[in-house]
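Dear colleague,

Please find below the structure that I am handing over to you. My notes on it follow directly after.

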Amino acid sequence: MSTQSFEIPAEFREFADKSVDQARNAFGTFLNGAVKTSEQLRNSATTVQSTLNAAVLKSLDHTKTNADAAFDYVQRVVRAKDPREAFEIQSEFLKTQFAAFQAQAKEYGALAQSAAR
């Protein structure tokens with residue numbers, strides 16, 4: 001029996017070597033992209049979470065402010081000496097609360113814009 005030696009052609013080895021290098025580079029690029037995407041998602045989640053937390057705290061602050069204003073209003077109306085004074089107190093309360101609601105809406109808008117960035 002004769003044994004023939006089998007030799008891989010140099011061109012095929014070079015092609016295979018280049019293919020492995022290209023595959024390694026492509027996989028490295030893919031992994032780098034996956035890591036960057038993961039970091040961006042984490043940063044986005046952190047931003048959303050902190051913005052949501054700020055919105056909850058702002059809501060609690062606004063709730064307290066609005067409740068205090070309502071209690072003050074009721075107390076003033078109860079102490080009014082006549083219907084005219086009660087009406088003036090009511091008018092003043094409505095004006096100040098409308099302005100407060102506008103300011104609060106602007107604050108929520110600013111929070112929404114910061115979350116969108």
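How many helices and how many strands are there in the chain? There are two helices and zero strands, where helices (H or I, at least four residues) and strands (E, at least two) are DSSP runs numbered from the N terminus. The radius of gyration is 35 Å, well over the 13 Å that the globule rule gives for 117 residues, so the chain is more spread out than a compact globule; the radius is taken over C-alpha atoms, and the rule is 2.2 Å times the number of residues to the power 0.38. Along the principal axes, the C-alpha atoms fill a box of roughly 125 × 20 × 15 Å.

Please note that this is a predicted model, in which local features need pLDDT of at least 70 and side-chain atom pairs count only at pLDDT 80 or more, while totals for chains, interfaces and linings use all residues. Residues are numbered from 1 along each chain as its sequence is written, and side-chain values use heavy atoms, with hydrogens and water left out.

Buried residues make up 9% of the 117 residues; buried means under 20% relative accessible area, exposed over 50%, and partly exposed in between (1.4 Å probe, protein chains only). One of the exposed residues is Leu-60, at 54% relative accessibility, which is found in helix H1.

A search of the whole structure finds four salt bridges, a salt bridge being a side-chain nitrogen of Lys or Arg within 4 Å of a carboxyl oxygen of Asp or Glu.

- Lys-64 and Asp-68 meet at 2.8 Å, N to O. Both lie in helix H1, four residues apart, about one turn of the helix. Lys-64 is exposed at 52% relative accessibility, whereas Asp-68 is partly exposed at 34%.
- Arg-76 and Glu-92 meet at 3.2 Å, N to O. This pair links distant parts of the chain, with Arg-76 in helix H1 and Glu-92 in helix H2 (residues 83–116), 16 residues apart. Arg-76 is partly exposed at 39% relative accessibility, and Glu-92 is partly exposed with a relative accessible area of 39%.
- Glu-88 and Arg-84 meet at 2.3 Å, N to O. Both lie in helix H2, four residues apart, about one turn of the helix. Glu-88 is partly exposed at 42%, whereas Arg-84 is exposed at 57%.

Yours sincerely
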